[in-house]
Amino acid sequence: MDKQKLIFVVDDDPFINMLVVKRFTSDGYLMKAYESGEACLQEINRDPDLIILDYLFVGENKEFMNGMQVLDKIKELKPEIPVIMLSGQENGEIVLELARKGIDDYVIKDHNLIDNLNTAIGEVFEKRN
């Protein structure tokens, strides 16, 4: 039997984290949420099967790494881990840059977030089988 897939969700919005964790836990995934890229990177050795990563991190403390920097670090440490980027951005330049850096998919944060994420997760795991 397949081991349960571990998915990291990294978003500074606790509501998004809760929504994603709740939705995909009910699909049988093992979900772990982080509010910063740094927290996620500290546990990267748990070898998640997928990382869902927010593009933009804002906080009181401007020292947070942004999604692009976190992505670079993931690709440096564990290049085999697929990454789905989440963003409110619809900037084509950013999407192209992320694609060049090797993201597996890009999901815009809108009212279709969960459906689009569901499709993206399915496609990533299908590709990896």
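1. In this predicted model, the largest nonpolar core comprises 23 residues. Those with the most contacts inside this core are Ile51, Leu53, Ile74, Val83, Met85 and Leu98. At least two residues of the core come from each of the following elements: strands S1 (6-10), S3 (50-54) and S4 (83-87), and helices H2 (37-42), H3 (67-77) and H4 (92-100). Helix H3 gives the most, with 4 residues.

2. When its neighbours within four places in sequence are left aside, Ile74 is in contact with Leu41, Ile44, Ile51, Leu53, Pro79 and Val83. Of these partners, Ile51, Leu53 and Val83 are also listed among the residues with the most contacts inside the largest core.

3. Leucine 19 is placed in helix H1, which spans residues 14-25. Leucine 19 counts as partly exposed because its relative accessibility is 31%, a value between the limits of 20% for buried and 50% for exposed.

4. Aspartate 49 is situated in the loop between H2 and S3. Beyond its neighbours within four places in sequence, Asp49 is in contact with Lys3, Gln4, Lys5, Leu6, Pro82 and Phe125. The C-alpha atoms of aspartate 49 and leucine 30 are 9.7 Å apart in space, while the two residues are 19 residues apart in sequence.

Technical notes
Residues numbered from 1 in each chain as written. Predicted model: local features only at pLDDT ≥ 70, side-chain atom pairs only at ≥ 80, totals over all residues. Heavy atoms only, no water. Core = buried A, V, L, I, M, F, W, Y, C linked by side-chain atoms within 4.5 Å. Buried < 20%, exposed > 50% of the residue type's maximum accessible area, 1.4 Å probe, protein only. Contact = heavy atoms within 4.5 Å.
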